[in-house]
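Look at the model below and follow the chain from its start to its end.

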Amino acid sequence: MNDVRPAQVAPRKAYRHRLPTRLWHWANAVTVFVMIGSGLMISNAHPHLYWGVYGANLDTSWFNPPTFPGWLTIPSSYNLALARRWHLLFALVLAFNLLWFMIASLVNRHFARDLRVRAAELKPAALGRDVREHLRFRFHDAAHPERFNLAQKIAYCVALFVLLPLMIATGLSLSPGWNAGAPWLLDLFGGRQSARSIHFIACWAVVAFVVVHLVAVILAGWRQEIGAMLTGWLRVPEGEGH
C-alpha cells in the first residue's frame, strides 16, 4: 500500500503593515487618547457650541455637550490651563506625525498600492460581496490577506484626508497666534465659534472611527491584528475566506 499523507497547508500570512504605518499607528494611539481626554476637559469649561463669530453664556447655542466625568478627562480634576497645555502639545505631535506619515506613504507607495479604490471594487457584485463578508465578520481576502477591502479603504481615507486635517486646521484657526499671522483661516470656517463647532464634530467623528476600528479588531481576532501592527505580518484565521 502507498503511504499517502495529506499535504500540509502553509499558514496564510502576508506582510500587511510597513514600518512607517506601524510607527504612525502607535504614536497616534497615544496622541489621540491624550487629545480627546484634554479636549473633554476644555469642553467642560464652556459646554456650549455656536455658529458664527461670537458665542457666550447668554447666546443661543445649537448644542450643549454634557459635562464629562473626571475619569474621561485629562486632567481628572478641573484645570483648564493644564488641559490646554496637554492639548496643544499633542496637537503638534499629531500634525507633524501626520505630515511625515503622508510623505513616507507617498515615497513607499502605501497610498497608491493599498488605499487606491479600483473600478472593479465599485461594481455591484463586488460591493454586495464586501457587505456579505463583513456581516459574516470576514475582514480579509483569503487569497490576498495583505489587501484592504473597500470599507477599510473608505474609512481610512476619510480619517486620513478629511477628519484629521480638518481637526488640525480648525485647531490652528482657534489659536490667537495663528490668527495674527493668517486670519484668513478663521474666516474660511466662518468665525471662531463655527470653527470650534466643526472641531468638536470632527473630534467625535474620529472617536466613532476609533470605536468601530476597535470593534472590528476584536471581531477579526485581536491577537493576529495586534501582532500584525507590531511585526507587520498578518496571519489570517484558517476558517476565514472559505
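**Layout of the chain**

Along the sequence, the elements come in the order β-α-α-α-α-α-α-α-α-β. That gives eight helices and two strands. The model is a predicted one. Computed along the principal axes of the chain, the C-alpha atoms fill a box of roughly 90 × 40 × 30 Å. The chain has 242 residues, and 38% of them count as buried. Among contacts with a separation of 6 or more, 72% are between residues 24 or more positions apart.

Helix α8 covers residues 192–231.

Helix α8 can next be looked at together with helix α1, which spans residues 19–45. The axes of α1 and α8 come within 12 Å and cross at roughly 145 degrees. The crossing of α1 with α8 is left-handed. On the α1 side, the residues that meet α8 include Thr 21, His 25, Trp 26, Val 32 and Leu 40. On the α8 side, the residues in this contact include Phe 200, Trp 204, His 213, Ile 226 and Met 229. By type, the residues of the contact between α1 and α8 are twelve nonpolar, five polar and one charged.

A second pair of helices is α2 and α5. Helix α2 covers residues 80–107, and helix α5 covers residues 150–173. Their axes come within 10 Å and cross at roughly 145 degrees, and the crossing is left-handed. Leu 94, Ala 95, Leu 98, Phe 101 and Met 102 of α2 meet Leu 160, Phe 161, Leu 164, Pro 165 and Ile 168 of α5. What types of residue make up the contact of α2 with α5? Ten are nonpolar, with no polar and no charged residues.

Two further residues of α5 can be picked out. Gln 152 is found in this helix. Is Gln 152 buried or exposed? Gln 152 counts as buried because its relative accessible area is 13%, and the cut-off for buried is under 20%. Beyond its neighbours within four places in sequence, Gln 152 is in contact with Arg 16, Phe 139 and Arg 147. Cys 157 also lies in α5. Not counting residues up to four places away in sequence, Cys 157 touches Leu 115 and Val 162. The C-alpha atoms of Cys 157 and His 87 are separated by 24 Å, and the two residues are 70 residues apart along the chain.

The last stop is a loop. Val 53 lies between α1 and α2. Val 53 counts as partly exposed because its relative accessibility is 46%, and that class lies between 20% and 50%. Which residues does Val 53 contact, leaving aside its neighbours within four places in sequence? They are Gly 190, Gly 191, Arg 192 and Gln 193. Val 53 and Gly 190 are 137 residues apart along the chain, yet their C-alpha atoms are separated by 6.9 Å.

Definitions and conventions: Residues are numbered from 1 along each chain as its sequence is written. This is a predicted model: local features need pLDDT of at least 70, side-chain atom pairs count only at pLDDT 80 or more; totals for chains, interfaces and linings use all residues. Side-chain values use heavy atoms; hydrogens and water are left out. Axes are lines fitted to C-alpha atoms, for helices over the stretch in contact, and angles run from 0 to 180 degrees between N-to-C directions. Helices (H or I, at least four residues) and strands (E, at least two) are DSSP runs, numbered from the N terminus. A crossing is left-handed if the near helix is turned anticlockwise from the far one by less than a right angle, and right-handed if clockwise. Contact means heavy atoms within 4.5 Å. Ala, Val, Leu, Ile, Met, Phe, Trp, Tyr, Cys and Pro count as nonpolar, Asp, Glu, Lys and Arg as charged, and the others, Gly among them, as polar. Buried means under 20% relative accessible area, exposed over 50%, partly exposed in between (1.4 Å probe, protein chains only).
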